[in-house]
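Colleague: I have just opened this structure. Can you walk me through how its parts are named and related?

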Number of protein chains: 2
Amino acid sequence: MESSPGDNCLTGIRVLDLTQFEAGPSCTEAMAWLGAEVVKVENPGAGDPGRSINPKGGKDAHYFLQYNANKKSVTVNLKSPRGLEIVKDLVKKADVFIENFAPGAVERLGLGADVVRAINPSIIYAQVKGFGAGSPFEKNLAFDMIAQACGGPMSITGEPDGPPLKPGPTIGDTGTGMLTCISILAALLRRTRTGQGEHIQIAMQDAMLQYTRGAFAATTTRGEPAKRAGSGSVMSRNPPMGLYPTKGGGPNDYVYVYTSRANPEHWRRLLGVIGREELIGDPRFETSDARIENEAEVNEMVAIWTRKHDKHEAMRIIGGAGIPAGAVLDTQELLNEPSFAERGIMQTVQHPGIGPYKMTTWPARFSGKPPTLRPAPLLGANNEDVLASWLGMDRDAVGTLRTDGVIGK
Amino acid sequence: MESSPGDNCLTGIRVLDLTQFEAGPSCTEAMAWLGAEVVKVENPGAGDPGRSINPKGGKDAHYFLQYNANKKSVTVNLKSPRGLEIVKDLVKKADVFIENFAPGAVERLGLGADVVRAINPSIIYAQVKGFGAGSPFEKNLAFDMIAQACGGPMSITGEPDGPPLKPGPTIGDTGTGMLTCISILAALLRRTRTGQGEHIQIAMQDAMLQYTRGAFAATTTRGEPAKRAGSGSVMSRNPPMGLYPTKGGGPNDYVYVYTSRANPEHWRRLLGVIGREELIGDPRFETSDARIENEAEVNEMVAIWTRKHDKHEAMRIIGGAGIPAGAVLDTQELLNEPSFAERGIMQTVQHPGIGPYKMTTWPARFSGKPPTLRPAPLLGANNEDVLASWLGMDRDAVGTLRTDGVIGK
């Protein structure tokens, strides 16, 4: 893979990464894709527990590979005094320190904000927790689904007459990680002007509010909780709008069709596509409000057409006619879609333990090219490299640390 | 509201913001919250169409207020030669230019990347579209739901035996906006080193891959599309894990309970909470695999307990016992939750047209405080201020532009 101008945006920025699972790692991975030197500090035994989530044949799990591309790995026993001392030495050289341990854990390790910021006052010290300091639940454990329950997403996902439902995307984890990344980069930008460090804290519950604001707008407008709307919108009804079944009958053989209230042409164009031009101007269907009254009939006339086409064809024809439309693509179809590889959004890398695999890189293009994907590191793969380049240790010094069990085997 | 150290992270950065609706505005709003001077350039008639999405009494819609806090608004008729000239003059003073018009529109206006970057080579020029340049659908229109259909989220949301479903959070819009913001800030950081400008492009379909990577890990591991898992995980089953009904019987009277496969103590602690200590060590339930075999029984014994408690109490008791748990909170409950206001995550502002309203600010805390919320601007509210401070125009010059219909009334 050729290099991309995105690769060097954050060149020279050193991130000391004590994160695990997804919320923290998704943040530091974004920084790594954009050129930061991200050093994962892992325990010498098993490392980030993400390495062991549904592993295949004892190798690093694909879960881990997804969230740790382009990083380095250093193993340090944080419970040994010498290990802790090494991390404190690394702190002196770092621009960013980030952790997402359970509440209170990093302070018990002796690496709380006060300690780390005293060693390096210009460091950006970032913490990701489930609940905010000062929340009644600040000591509680959280995972993606807990944040999605407590922060709004589940209450607005599901059928109108059904129970709440968890969105499949990991908004609680990666969603929080992205907000953390923005906050860190903003603090780094200030630091270029002022030299100032910062203590950033973000809670997964709080972060969920950022992704559910359309529903909050509906709540403030109407004075009641936003209701679940199936595949419609919690904001407003505007049929036809939703998923329509297509030929094939498989679990994802559907096409989303959206006609905007703001653009009456969408509906008229759609009538042309489905061969019902005679209804253009018909008062039963001409306005949004009329279509809400005749919603079942509207939906059925669209479905009669969509059932005759496969989802790709339906998307091509409806979208091509200037009506927003999208086939429901599953993860295997997306992985196999040639356009992602051609455009560099998905790249194939060689992993020393696993061989070749394909995954997405950072999905923005810089001068036409997304950042270059490199595989996630094996546990401790960069011990020598990082201890030499950050701390100036020679091979003998690193060998002693290894013999003494400070940095694993 | 007192100021927060977050307020000045991006001080001095000028953003020329030609975005509308949500994907673009959520990006520039994050920058505004963190201190950038974000100037929305709107058409003098109706402005950003987001102002008119479910408005109440002809005022700016709450939808608009959510995505445009802390910004300025300037009205310019982009179709008049003098209006276009003014925008080009503003380009000379801007650090960032961003747009999310329909494909081809900004180029037709005469403000394509080549034009803008020729005027100001060090500008960061960012574009948000539905589909990537080079995609078979690059000319298609897209909205949040189209991205969520074509980028994976809908295929992994819903009941295992039901149709795909749209997640309620607007991952297609705000999710894309957050990735755009990270990309812009990274390019700005490089610019402090090298002076270099950049052309950033991001597609909403591509951005969805970033939020669905757990499902891609499952796909790569198993060689098949990730399946919908209701409120469970597309990655793995591990009962008890999911939503359990609580006292009250309302649409959101549920608590999420999660017992981690990585920590067998969660299950044992839960048995203590629900008064079934006699089952600790029982081989029918002791391991994850055993619980999968007896899933219905496991779920029922948890539900017997949760039905006796309201969701808040259930969360407090289960969470307090060291088991990840979360009540399903609706948007009205969240808006009324005192902890958000106390911690500054939600703030109340005075809007000149609407009066006081409460909404979330940027949900990260800087030295303990989230950024200070300011209300979204009225249409054209900052014409004088911006034309004077960016371009040095006096009141007479601005008056002439107004008389000539270049900047609206």
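Modeller: Gladly. This is a predicted model. Superposing chain A on chain B takes a rotation of 180° with 0.0 Å of shift along its axis, and the RMSD is 0.0 Å.

Colleague: What makes that the relation of a two-fold axis?

Modeller: Two copies of a chain are related by a rotation about an axis and a shift along it. Here the rotation is 180° and the shift is 0.0 Å. Therefore the relation is that of a two-fold axis.

Colleague: How do you know that the copies meet through the same surface?

Modeller: Of the interface residues of chain A, 100% are also interface residues in chain B, so the surface is the same. In contact are 116 residues of chain A and 116 of chain B. Helix α7 of chain A gives the largest share of chain A's side, 16 residues. That side divides into 66 nonpolar, 38 polar and twelve charged residues.

Colleague: What makes strand β12 of chain A and strand β6 of chain B a pair?

Modeller: A pair needs at least two bridges. These strands have three, in the antiparallel sense. A:A364 stands opposite B:I202.

Colleague: Which strands are called edge strands in the open sheet of seven strands?

Modeller: β3 of chain A and β12 of chain B; each pairs on one side only. The order is β3(A)-β2(A)-β1(A)-β4(A)-β5(A)-β6(A)-β12(B), with mixed pairing. From one strand to the next, the twist averages 20°.

Colleague: Where does α7(A) lie?

Modeller: Across β4, β5 and β6 of chain A together with β12 of chain B. Helix α7(A) runs at about 165° to β6(A).

Technical notes: Residues numbered from 1 in each chain as written. Chains lettered and ligands numbered in written order. Predicted model: local features only at pLDDT ≥ 70, side-chain atom pairs only at ≥ 80, totals over all residues. Contact = placed C-beta atoms within 7 Å. Helix = DSSP H or I, 4+ residues; strand = E, 2+ residues; numbered from the N terminus. Nonpolar A, V, L, I, M, F, W, Y, C, P; charged D, E, K, R; others polar. Least-squares fit on C-alpha atoms with pLDDT ≥ 70 in both. Axes fitted to C-alpha atoms, helices over the stretch in contact; angles between N-to-C directions.
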